[in-house]
Amino acid sequence: MNLIEISGLGKDFITKNKTFFNPEIKFSAVKDINLTIKKGEIIGLIGESGSGKSTIGRMILQLIEPTYGSVKYEGVDITKLSHRQLQPYYKKMQMIFQDSASSFNPRRTIGEQIVEPMLRLEVVQTKEEAIDEVLYLLRRVGLKEEHYNRYPHQFSGGQRQRIGIARALALKPEFLVLDEPTSALDVSIQAQILNLLLDLKEEFNLTYLFIGHNLSVIKFICDRVAVLYKGRLVELASSDELYENPRHPVTQMLLHSILTLEKKKFDIFADVEKKSIKKTASSCVFSGRCPNATEQCFKQHPDEHEINAEHRYACYNPIGQDKVISA
């Protein structure tokens, strides 16, 4: 069963306002995204910085208004709802941010900051009930009840991330957007947070959209993975299939970027950057860097092709078993 259905989703940002002499200039951060998120699954979004991952997450939660397209939650197009009509969905969908420190008010205790939205959105009936629930959640995420009366600056990065998780769970959501929740943490703390998220998913029957750039983390935690490049979804597959049988050169590029003891980090696409001089607005977004690019790639961005129900890609010259780009 699909919990969320994203159809033709896009977001344009105005980089230069229209004047009498000059036209308005827009930047397309996200273009024509089609994606479904099944109830109970963990789907990952990966891509280079600036590829549109966080923008998609924020549009799903209606923190950013899409320029076009739709987001359906259990069949209801929430992009067409008013602020009042969206109130029930604010409880169902929550976000855990990368920078947990900036998401807290430094002048209020963490207990107050978790209790207040619970009362405002009527998750509980009384303040006493809210406090009891918050104390339980603090214990559940690995903190102590005494932390309720402390301020954000009194916690470490890993502890603040646990508090962020508790705050999200306090509203009893069904769906969480995890925006690189472990990228600012030490490796040992990352493992603890990831295992905690997996345990909480099972306990509270949650669905995750996991945004990240660490491919090892993505493979560990995600059921399916969507690959983005310059606002376009270029490949979607199950986690194991994507890592074992990548079809899009962008996916191959990201996999080659993982440092190991056997190889040094390098960009196998750097020597084809000169192809970008041929690009137009309708070209494949990766044509300027792709070593397999042909004349067709510079004319039009490819449509999506399905290998099976779980694996699709957008490429005219996909990588096959006999055509893997090697170092």
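Modeller: Buried means under 20% relative accessible area, exposed over 50% and partly exposed in between, with a 1.4 Å probe and protein chains only. This is a predicted model, in which local features need pLDDT of at least 70 and side-chain atom pairs count only at pLDDT 80 or more, while totals for chains, interfaces and linings use all residues. Residues are numbered from 1 along each chain as its sequence is written, and side-chain values use heavy atoms, with hydrogens and water left out.

Colleague: Is glutamate 145 buried, exposed or partly exposed, and what is its relative accessible area?

Modeller: Glutamate 145 forms a salt bridge (a side-chain nitrogen of Lys or Arg within 4 Å of a carboxyl oxygen of Asp or Glu) with arginine 139, the closest N and O atoms being 2.3 Å apart. Arginine 139 counts as partly exposed at 43% relative accessibility. Glutamate 145 is likewise partly exposed, its relative accessible area being 40%.

Colleague: Which side chain meets that of arginine 224 in a salt bridge?

Modeller: Arginine 224 is buried, with a relative accessible area of 6%, and glutamate 41 also counts as buried, at 7%. Their side chains meet at 2.7 Å, N to O, so the partner asked for is glutamate 41.

Colleague: Which side chain of opposite charge is nearest to glutamate 180, and how far away is it?

Modeller: Glutamate 180 is buried yet has no salt bridge, although its contacts (heavy atoms within 4.5 Å), leaving aside neighbours within four places in sequence, include Lys53 and His213. Lys and Arg count as positive and Asp and Glu as negative, whereas His and the chain ends are not counted. The nearest side chain of opposite charge is lysine 53, at 4.5 Å.
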